[in-house]
Amino acid sequence: TLTSVIGTRSPSTVGKRCNAVLAYHRWLATWADVTAIPFSEPLVWDYLGKCGAAATKAMSFIQTLRFCQHVLQVDGADQCAASRRLVGQSELQAALKGPTKQARPLTVMEVRKLQKFMADPSKELQERLICSHLVLMIYTRSRNSDLSYVEGISHDNAVREGRDEFSGFIQFTTRYHKFARSVETKSLLMPIIACGESVGPEPWLDLWMSLRKKAGLPTSGRLEGAVMPAPDLARLGQWLVRPISCTETTKLLRAYLQCDDADLKSHSLKRTALSWAAKAGVDREQRRLLGRH
């Protein structure tokens, strides 16, 4: 029943909305002896005014109410989503939000540092492999969710004339991506492609493949799972089923680069190559295609 109700919605979206309801439930459990569901407009009004959270939290909760109304069909969500004072209050709070701070792209030297780390045989295999995945995200221009569940991997190792170090192209295919919202788009496989060329002397794609083979992870064929599963901390050399999360990716990136910059985030990996393309004067439509927008 749950699967049928959720339909083609993204699991991460459902989790985000349910977490918003959970935060509301916890607030009610602290301040009032009532249940969170069915939703009550006066209680939601008190919550928006007293939760004391980020400026965008009220707007996000209104979006959650609409999701509960149209997708989950939760009792009381329709009256709350239609309440003008709730919507107006969320707009007022959102207007107080500070300027948006986007994740910055990596510099060429930072990318070279990551490639040097993955090529260093003195480092542990698991650390080198995870670092190679970050490099893969840079050259495939991928956000964390793009590679969290892929159908398969293929590559073309054609050697460019006079360039023996050229290691060809690699392609991932996935149907679970940010813009797969309709039934039609979810039935089509989106290609995620990267070239073996890089800004450093290390053959990053060859290294990525050799490290995965040493770790027992697939490099071609059907995958139907996360490209980079999270390591099992309880069993050395073993991997979990779930992918590495956005938060974990951000922490790993900062650790590898030994940088505490708050603007350095997992999305920086997607932005980097697109930033280079913009600086090189690549047409906007071509950059949209490279970013899979």
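The model is predicted. An open sheet of four strands is paired in antiparallel fashion, and the largest nonpolar core counts 41 residues. A second, separate core has 21 residues. A search of the whole structure finds zero disulfides.

**Sheet and packed helices**

- The four strands of the open sheet follow the order S3-S2-S1-S4, and their pairing is antiparallel.
- Strand S3 (190-195) and strand S4 (221-225) form the edges, each pairing on one side only.
- On average, and with direction ignored, neighbouring strands of this sheet are turned by 25° against each other.
- Strand S1 (residues 150-156) and strand S2 (residues 169-174) run antiparallel and are joined by five bridges; Gly-152 has Thr-173 in S2 as its bridge partner.
- Helix H8 (residues 125-140) packs on the sheet, where it touches S2 and S3, and its direction makes about 105° with that of S3.
- Helix H10 (residues 204-215) lies across S1, S2 and S3 and runs at about 60° to S2.

**Nonpolar cores**

- In the core of 41 residues, those with the most contacts inside it are Leu-106, Leu-114, Leu-147, Phe-172, Trp-204, Trp-208 and Leu-253.
- Two or more residues of this core come from each of helix H7 (108-118), H8, S1, S2, S3, H10 and helix H11 (246-257).
- Helix H8 gives the most to this core, with nine residues.
- Leaving aside residues up to four places away in sequence, Leu-253 touches Leu-106, Leu-114, Leu-134, Leu-264, Lys-265 and Leu-269.
- The second, separate core includes Leu-28, Ala-58, Ile-62 and Leu-86.
- In soluble globular proteins, nonpolar side chains tend to be buried together.

**Helix H6**

- Helix H6 (residues 84-95) has 12 residues, and at 1.5 Å a residue these should span 16 Å; the end C-alpha atoms are 16 Å apart, so the two values agree.
- Its buried residues are Leu-86, Val-87, Gly-88, Ser-90 and Gln-93.
- The cover over these buried residues of H6 includes helix H3 (41-50), helix H4 (57-72) and helix H5 (77-81).

**Cysteines**

- Zero disulfides are found in the whole structure.
- Cys-18 is in no disulfide, and the nearest cysteine sulfur, that of Cys-68, is 7.0 Å away; the cut-off for a disulfide is 2.5 Å between sulfur atoms.
- Cys-18 counts as partly exposed because its relative accessibility is 38%.
- Cys-259 is likewise in no disulfide, with the nearest cysteine sulfur, that of Cys-131, 14 Å away.
- Cys-259 has a relative accessible area of 18% and is therefore buried, the cut-off being under 20%.

**Backbone details**

- Ile-37 and Pro-38 are joined by a cis peptide bond with omega of about 5°.
- Pro-38 is placed in the loop between helix H2 (11-31) and H3.
- Arg-141 is not a glycine, yet has a positive phi of about 55°.
- This residue, Arg-141, is found in the loop between H8 and S1, and its relative accessibility of 12% makes it count as buried.
- Glu-224, also not a glycine, has a positive phi of about 50°.

How values were computed. Residues numbered from 1 in each chain as written. Predicted model: local features only at pLDDT ≥ 70, side-chain atom pairs only at ≥ 80, totals over all residues. Heavy atoms only, no water. Pairing = 2+ DSSP bridges. Axes fitted to C-alpha atoms, helices over the stretch in contact; angles between N-to-C directions. Contact = heavy atoms within 4.5 Å. Core = buried A, V, L, I, M, F, W, Y, C linked by side-chain atoms within 4.5 Å. Buried < 20%, exposed > 50% of the residue type's maximum accessible area, 1.4 Å probe, protein only. Expected span 1.5 Å × (residues − 1).
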